[in-house]
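The model comes first, then the notes.

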Amino acid sequence: MYLTCLRKLCYQIGAHTNYFHEEIAYLPGDTLLEKSAKTIQTIEKLKERMTQLFDGLRIFLILDDVWSHEDIELFNFGEEKMKSSFTLFITTRTLDMFPSSGSCWIDIPFLRPPDAVSFFFLESGRGETLPTDGEFIIARKVVEKCGFLPLAIKIAAKVAQAYPNFLCSENGVEGILTKQFNYSNGINGADRTLVNLLHRSFSFVTDVDVSDAIKICFGAMAVVFHRDGNLRPWISQKTVENFWYKLLNTYGDLKLCLLKLQKYRIRSMADIMHLLCIMGLIDKRKAKEGKYIIESFQIQIHHDLLFDYGKMVAIEFTQEKKSINRSNEQSVDLTKNFPDDNSVGFKNAVVRWNELVIECYQDKLDRIESNSDSDFDYESDPFTPNGHMLSWLPLHMMKARKFSAVVSLLSKRSFLRDRIEFRGVLGGTKLHVLDIRELQKMKQIDHGWDNQCSSNKNVVSKTKLTSIMLMIGNLLPDFGYSLQSMESKVEMGHAFTLLGVTWQSFALWHESLECFNNALKIFQSIDLDENHPYIISTMKHIDVFAVLPVVSAH
């Protein structure tokens, strides 16, 4: 994560991102303490390198919504060696018990009651219409229930805008704000109020069934399109819309909502997307994909809290389905606490939803499977770039527990070639390596659950993963022959370094050393001197192997 942040900073100042890459070399006998020490040393070196890049520039760096104050020092690049101006601006909701010396603090309290009420009426879209005394009194109670938090007040204002009678009576407000939902029995009152307000934000559509359908679309999107390290990634709008279409047509009760949606001028999945944008639940941008100048719309969830909300909606949906399936057999207690995300029912739903995403790309999967690597003619089969498929499809297959299928896909030279053509040598290699690591991690996490699933009979062996690694190493030189620019050759060198580090995680030291030697040859071929960071980093990896016999002796 720290490397990613530094690369983004490089992009903003116009520096090359290749200054920052993985440099940690772990020995087979390293303890957890020794590994931690090496990680800290590497972070300090990266921080010093960024300080050198910043020196001479006037930097104003903003860290927004900081929760861990211990990590702030990682971004305090002007602490020691910078001679030019450096200002670090931090926003936080938690108290720093040990602030840095020389820092200035501005304590901003919650909104004052008069300001909160004014903000409520401003966001409710009343225009210049003045509130009555009764509306003003009720509005004060609303903002008080919202804890004087701007986000909660803004959501309450949108509810007031959707319901003209929202401020007509105190009882009506109480009914909206305190309504209980089956899934929220286990959360505290303050969180329940916020969740209920988020529920009511979908009341732009007054039909309950249609509103629930849109809500389920949002929840399913949050659950399916995320990674462990990124709850709010930018994803392809077209892919999400195709997924929604399949989702609404898969479940009978949701399929009935398609006709009702048309009454609200929602005739396509793009209209649902537009509605969610208006509601402020998702953000939208137009961005380029990969190396190709192809602009497409991408979306992301507006805030981390909305990811949790979407997950709760998805869990509620699986609970309702489970209750309906059991209703014909026995009575069900609907008042019990809602199941968590480790329940079998929720996991089965996630598996099914990821299968729907895979079905969106079934024609492309068939195209890949139909071309054997031995007689694959890349020039005669033109490449159709699809950023989401190349970056996400293996992960969707893992979440759908199709481990055998994802190994088959990653083993295809044509798929790896497509990734490299689209993301570049380093980017394509990194995608493949990350999928291999994710396969290892998901096997460990889901081992217990997988044993209960009769449909999951395939075991991802170490041999299968290492064969994919060998394929990557064999394919990279094919691209190396066509590389002309220095930047492309640097990417190739880093790709071999990344491959070497991954071989180390399998304890296959001969293959790892071969990759590091290839990386060194590439860096030397572009006339980098021995003091260049790329040469020094690669030599550190190679020097590790000088002590391997000593370690093995113990």
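## Contacts and overall make-up

Among contacts in the protein chain (heavy atoms within 4.5 Å) between residues at least 6 apart in sequence, 70% join residues at least 24 apart. This is a predicted model: local features need pLDDT of at least 70, side-chain atom pairs count only at pLDDT 80 or more, and totals for chains, interfaces and linings use all residues. Residues are numbered from 1 along each chain as its sequence is written, and side-chain values use heavy atoms, with hydrogens and water left out.

The chain has 24 helices and 5 strands. These are DSSP runs, numbered from the N terminus: helices are H or I with at least four residues, strands E with at least two. Of the 554 residues, 44% count as buried. Buried means under 20% relative accessible area, exposed over 50%, partly exposed in between (1.4 Å probe, protein chains only). The chain exposes about 29800 Å², by the Shrake-Rupley method with a 1.4 Å probe. Carbon and sulfur atoms supply 53% of that area.

## Nonpolar cores

A nonpolar core is a set of buried Ala, Val, Leu, Ile, Met, Phe, Trp, Tyr and Cys residues joined through side-chain atoms within 4.5 Å. The largest has 108 residues. Phe218, Met221, Phe243, Trp244, Leu276 and Trp353 have the most contacts inside it. Helix 8 (residues 208-224) gives the largest share of this core, 11 residues. A second, separate core of 18 residues includes Phe20, Leu61, Leu63 and Ile72.

Which residues does Phe218 touch, not counting residues up to four places away in sequence? Among them are Phe202, Leu276, Leu281, Ile282 and Tyr309.

Helix 8 has 17 residues, and 14 of them are buried, so it is largely enclosed by the rest of the structure. Helix 8 reaches 24 Å from its first C-alpha to its last, close to the 24 Å expected. The expected span is 1.5 Å times one less than the number of residues.

In helix 16 (residues 387-399), 13 of 13 residues are buried. Helix 16 bends by about 45° at Leu393; the bend is the angle between axes fitted to the seven residues ending there and the seven starting there. Pro394 follows within four residues. Just after helix 16, Arg401 takes a positive phi of about 60°.

## Ser124

Ser124 sits in the loop between helix 3 (113-123) and helix 4 (133-145). Ser124 is buried, with a relative accessible area of 8%. Its side chain reaches the backbone oxygen of Phe121 at 2.8 Å. Ser124 also touches Ala157, Ala160 and Gln161, not counting residues up to four places away in sequence.

Key. Polar contact = N/O pair within 3.5 Å; in protein donor to acceptor, adjacent residues only side chain to side chain.
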